[in-house]
Amino acid sequence: DQISYYKLGYRPNKKVVDTNGETVEVGAYTIPAYDPEDWRVRNIHYRLDNPPQTISGKYRLEHSVTPASFYCESHAEGDALVVEGAIKALVMYKFLDGDMQVVGLPGMNPGRETIEELKSFDRIWLALDPGSEKAARKIQSVLATCYVASLPFKPDDMILAGMERNEFREVMRHATK
């Protein structure tokens, strides 16, 4: 259902610059990032498929376009869970049964404009990957209604480890303002 709804795809020849400065082609899963208000595509997130060791990182954005967060629903009000990346957002949205908007940031250090967009939500739970506490506090300093959850693992890894929905809600309940 998610593949069809979000128009997820695959690009067999995504050009990427490796650590040697060479341009190489690799396969990449494509994840359109839609505007939460008019549901038009704002950017494309890429998840590189088995990148060679000469490529640093697995995730990319369409570099010729302004970075955009991934929104699981077409609205920007109410409560939101904010995580790092589109795939993690999709996993968490499904895990939470669509109970709230889930936003995937385009990296753990998004630009100010990207953070400002989140101000439209009533409450925000920020659940970045472990080790991102400094980045989380920086984001929180801009958002008055932001709670930071300290996670022992990446949210999607917590699900794979057997965490239940009510246990994740308990983590969110203990998030700090």
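The second largest pocket of this predicted model is lined by Q2, I3, L8, G9, Y10, Y29, T30, I31, I87, L90 and V91. Helix α1 (2-6), strands β1 (9-17) and β2 (23-34), and helix α2 each give two or more residues to this lining. By class, the lining comprises 8 nonpolar, 3 polar and no charged residues, with Ala, Val, Leu, Ile, Met, Phe, Trp, Tyr, Cys and Pro counted as nonpolar, Asp, Glu, Lys and Arg as charged, and the others, Gly among them, as polar. The space in this pocket amounts to about 170 Å³. A pocket is an open set of points on a 1 Å grid over the protein atoms alone, where a 1.4 Å probe fits, with protein on both sides within 12 Å along at least five of seven lines; lining residues have an atom within 4 Å of a point.

The largest pocket holds about 410 Å³ of space. Among its 19 lining residues, Y59, E84, G85, A86 and K88 are the closest to the centre. At least two residues of this lining come from each of β3 (41-48), β4 (59-61), α2 and α5 (155-160). The lining divides into 8 nonpolar, 3 polar and 8 charged residues.

I87 lies in helix α2 (residues 86-95) and is partly exposed, at a relative accessible area of 31% (between the limits of under 20% for buried and over 50% for exposed, with a 1.4 Å probe and protein chains only).

Residues are numbered from 1 along each chain as its sequence is written. Local features require pLDDT of at least 70 and side-chain atom pairs pLDDT 80 or more, whereas totals for chains, interfaces and linings use all residues; side-chain values use heavy atoms, without hydrogens and water.

Conventions. Helix = DSSP H or I, 4+ residues; strand = E, 2+ residues; numbered from the N terminus. Points joined across faces, edges and corners; volume = space filled by probe spheres on them.
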